[in-house]
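Open the model in your viewer and keep the sequence panel beside it. This tour tells you what to select at each stop and what is there.

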Amino acid sequence: MSKLLIRNICQPRNSNPYGTGHGGWVITQMAQGGIYMTQLISRGNAVLVESNIKYKNPMHVGKFLNVYGSIKEIKQSKMILKITAKRCEMDQKEIIVASGIFSFIAINDKNKTRKFKPNLKL
């Protein structure tokens with residue numbers, strides 16, 4: 001089940017002169033949503049180590065971007081999430097902007113790899 005992680009509005013500074021949101025801004029929102037999710041689940045820090053994203057539709061200035069995430073897999077210190085970014089239209093219909101798989105590694109306060117805690121719940 002996907003959980004809403006971030007909701008943000010696309011501003012002119014996040015776009016090109018034609019009013020289309022930059023892919024870099026979209027991936028940043030997705031990565032930040034993933035970090036938030038890993039912190040909620042593991043009660044600690046994690047860092048993004050890999051992403052594989054496919055862009056489906058454009059993002060537009062003035063529209064909200066809703067970022068959803070779900071756990072795909074957890075292995076010791078690595079958490080793999082499926083993250084989807086959707087543009088919210090005025091009629092509340094959501095259109096997928098981008099979707100991808102993000103891998104995070106759990107780290108401790110000394111920036112060393114740590115294991116995710118067992119029995120993780122969101």
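Start by selecting Gly 100, which is buried, with a relative accessible area of 6%. Buried here means under 20% relative accessible area, exposed means over 50%, and partly exposed lies in between, using a 1.4 Å probe and protein chains only. This is a predicted model, in which local features need pLDDT of at least 70 and side-chain atom pairs count only at pLDDT 80 or more, while totals for chains, interfaces and linings use all residues. Residues are numbered from 1 along each chain as its sequence is written, and side-chain values use heavy atoms, with hydrogens and water left out.

**Around Gly 100**

Gly 100 belongs to strand 5. Helices (H or I, at least four residues) and strands (E, at least two) are DSSP runs, numbered from the N terminus. Which residues does Gly 100 touch, not counting residues up to four places away in sequence? Show Met 30, Asn 52, Ile 53, Leu 81, Lys 82 and Ile 83 to see them. Contact means heavy atoms within 4.5 Å. Then select Asn 16: its C-alpha atom is separated by 23 Å from that of Gly 100, and the two residues are 84 apart along the chain.

**The whole chain**

Zoom out and colour by secondary structure. The protein chain has 1 helix and 5 strands, and from the N terminus on the order of elements is β-α-β-β-β-β. The chain is as compact as a globular protein of 122 residues, because its radius of gyration is 15 Å, close to the 14 Å that the globule rule gives for that length. The radius is taken over C-alpha atoms, and the rule is 2.2 Å times the number of residues to the power 0.38. Along its principal axes, the C-alpha trace spans about 45 × 25 × 20 Å. Of the 122 residues, 41% count as buried.

Two strands pair if DSSP finds at least two bridges between them. Strands of a sheet pair through backbone hydrogen bonds, either parallel or antiparallel.

Now cross the sheet pair by pair:

- Strand 1 and strand 3: 6 bridges join these antiparallel strands. Select Ile 6, which stands opposite Val 67 in strand 3.
- Strand 3 and strand 4: the antiparallel pairing covers 11 bridges. Ile 71 stands opposite Leu 81 in strand 4, and Ile 74 has Met 79 as its bridge partner. The two strands form a hairpin with 2 residues between them, and Gln 76 in the turn has a positive phi of about 40°.
- Strand 4 and strand 5: here too there are 11 bridges in the antiparallel sense. Arg 87 has Ile 95 in strand 5 as its bridge partner. This hairpin has 5 residues between its strands, with Gln 92 in the turn at a positive phi of about 75°.
- Strand 5 and strand 2: 9 bridges join strand 2 to strand 5 (residues 94–106), running antiparallel. Leu 48 stands opposite Phe 104.

Return to strand 4 and colour by burial. Strand 4 is mostly covered, with 8 of its 11 residues buried.

**Ser 70**

Select Ser 70, in strand 3. Is Ser 70 buried or exposed? Ser 70 is buried, with a relative accessible area of 15%. Leaving aside its neighbours within four places in sequence, Ser 70 is in contact with Met 1, Ser 2, Met 37, Ile 80, Leu 81 and Lys 82.

**The helix**

The buried residues of helix 1 include Trp 25, Met 30, Gly 33, Met 37 and Ile 41. An α-helix has 3.6 residues a turn, so residues three or four places apart point the same way. Finish at Arg 43, which follows helix 1 and has a positive phi, near 60°.
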